[in-house]
Amino acid sequence: MNGSQVHPAGGDGKRRPAPSRFGAIVVGGGPAGLAATYTLAGAGVDVACLERGDWCGSKNMMGGLIFSQPTAKVFPNFWHEAPLERHVTRRDMWLATGDSAMKVSFESTDFGAEPYNSFTVYRSRFDKWLSRRAAEAGAWMIPETLVESLLWEDGRVVGVRTGRPGGDLEADVVIIAEGVNHFLAEAAGLAAGPPKAETMALAVKEVLALPRDRIEDRFDLDRGAGAAIEIIGETTGGLPGTGFIYTNRDTISVGVGVLLDSLVGSTREAYSLLDNFKQQPQVRRLIQGAGLREYSAHLIPEGGYRYMPRLFGDGVLVAGDAAGMVNAINSEGANLALLSGQMAAQTVLSCREEGRFDAAALGRYRTMLENSLVLKDLRKYSSATNFLSSHQHLFGLYPELLASLAREFLTVDNMSKADKERLLARLFRSQVPVRSLIKDFYQAWRDLK
Amino acid sequence: MSIEAEQERSSGKEQPAEVCPDCLPDPEELGWPQPAPTVANRLGLVKFKPDSNSHLRIINGEVCRHTCRRKYCTHSCPAQVYRWESEEKVISIAFEGCLECGTCRSGGCPYGNIEMRYPRGGYGVQYRFG
């Protein structure tokens, strides 16, 4: 093809036309794709990263955190330069009912000093910064370009067909980091079809603006520090899922994530669940008066280890959300994406030494992942999503039960303590038969340990 | 070098808007409870660059008309892209406000009757915060 056609329209004339053949092509400019691109470019590989958005990050959102140490493994000391919102010094977990919340909170000054533990970010800005680093390392960053299909030769992937006229690009190897909707992984025969509802969570989120000193007062934070709150219970109307509240510099991110098949079956709307969540009194107190700035929605591949696509084929590797690399139990995804992207790049580098990119050679990617925390963690929680969707009652029942026990226990009335204990025991048994309690806890221990 | 130029171009355009604390209304003045925003309110705050052609398509209208009683997509889509037009007996598609999440492709239509692709490169949703 004519290389100049690769370039986005409306150019400034200063740009050199991109070649049409590369050492590697990375599809998708998110954490996985940019970690791969940056690593390959840093090693001197002629690599192109194709992003369908106007800039890397423009399609991305997250209801989560950027964890410092895994990110620094790819981008050392990123916290000196990257556009971060707040370093998180407090993690809270709430069990909420319609009018109460039982809160577990951990706070540490450690988390407020280098290397920090985690950060809140706006992905639209953070991912853009990652892409700038990849460009500085020498990668071809090609935005506004949708990859429509893969190019094949003798049963192996040899490049991509972009949406631009004559936009075929060839490469020794293609790294698919296209995100949760894995069109190309399906086309490559690595994923059986579209992601299934029972393996997905739908997250909807609002960014609400509030002056930064108010945020710090309201959330009881040191200047520049942040809080991350995870909420189980009434927040998702009894559907399996969680609510979350994260503090940014001058906004608060508020959202809910719900297992998709339960949501669809219930014919409830994700935004209605979010409305309810925002009206929960303890939640409302934190966000009241904050003005809506943006609304976003995204799928999260929470199926885990058992539902991952095949990770490699002839001339092709899959990383990040496209590969289903999310640890739903610990709300981790971006870190696994970064690490898997880096490992995909390292795999390509070692295959380059041998000059072969067939499945047998690229298969070391899988081994590398299995020996790393990425697949060790996913394997550990491989039954978690099954557990959560088959135990939907836990999301309504146990928060209600704990709240009623705590309320009775803490209410000082005219009952003797002995009578109160009997009342509590009766209350407990009336809501959960002991046998099903034991069963729930046994299964939780088995599937989540 | 061209790569920098490329980056400059893509970063020079569409800078995400900064939140200016002084421009915000005093939250105490706003009062509470505020009415919950509608989906249209919400989407009004999101930046879109709509393409002229839809990237979403109902595969077979008969399924919507006769098989699907509960019109699942009208509830499952977080951007309310799909609406049941009871007079015409069709699902209408407001693809311009699609957040490109993929719900309609992943069980949001339990009958698998929605074909979802991504919009062309450079089109569709553009998150300022994300």
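Student: Against which helices of chain A do the buried residues of H12(A) pack?

Tutor: This is a predicted model. In it, the buried residues of H12(A) pack against H9 and helix H11 (364–370) of chain A. Helix H12 itself spans residues 373–380, and its buried residues are A:Val374, A:Leu375 and A:Leu378.

Student: Why is strand E4 of chain A called largely enclosed by the rest of the structure?

Tutor: A residue counts as buried if 20 or more other C-beta atoms lie within 10 Å of its own. In strand E4 (residues 86–96), 8 of the 11 residues are buried, so the strand is largely enclosed by the rest of the structure.

Student: What makes E4(A) and E5(A) paired strands?

Tutor: Pairing requires at least two bridges between the strands. As one example, A:Leu95 has A:Met102 of E5(A) as its bridge partner. The two strands form a hairpin, with 4 residues between them.

Student: Which strand is joined to E4(A) by 9 bridges, and is the pair parallel or antiparallel?

Tutor: That strand is E12 (residues 225–233) of chain A, and the pair runs parallel. Within this pairing, A:Trp94 stands opposite A:Ile231.

Student: Which residues touch the most other members of the largest nonpolar core?

Tutor: Of its 161 residues, these are A:Ile175, A:Ile176, A:Leu202 and A:Leu317. Helix H9 (residues 334–354) of chain A contributes the largest share of this core, 10 residues. Leaving aside residues up to four places away in sequence, A:Ile175 touches several residues, including A:Val26, A:Leu317 and A:Ala344.

Student: How many residues does each chain bring to the contact between chain A and chain B?

Tutor: Chain A brings 67 residues and chain B brings 53. E15(A) gives the most to the side of chain A that touches chain B, with 9 residues. The residues of that side divide into 29 nonpolar, 16 polar and 22 charged.

Methods:
Residues are numbered from 1 along each chain as its sequence is written. Chains are lettered from A and ligands numbered from 1 in the order in which they are written. This is a predicted model: local features need pLDDT of at least 70, side-chain atom pairs count only at pLDDT 80 or more; totals for chains, interfaces and linings use all residues. A residue is buried if 20 or more other C-beta atoms lie within 10 Å of its own, exposed if 12 or fewer, and partly exposed in between; C-beta atoms are placed from the backbone. A nonpolar core is a set of buried Ala, Val, Leu, Ile, Met, Phe, Trp, Tyr and Cys residues joined through C-beta atoms within 7 Å. Two residues are in contact if their C-beta atoms, placed from the backbone, lie within 7 Å. Ala, Val, Leu, Ile, Met, Phe, Trp, Tyr, Cys and Pro count as nonpolar, Asp, Glu, Lys and Arg as charged, and the others, Gly among them, as polar.
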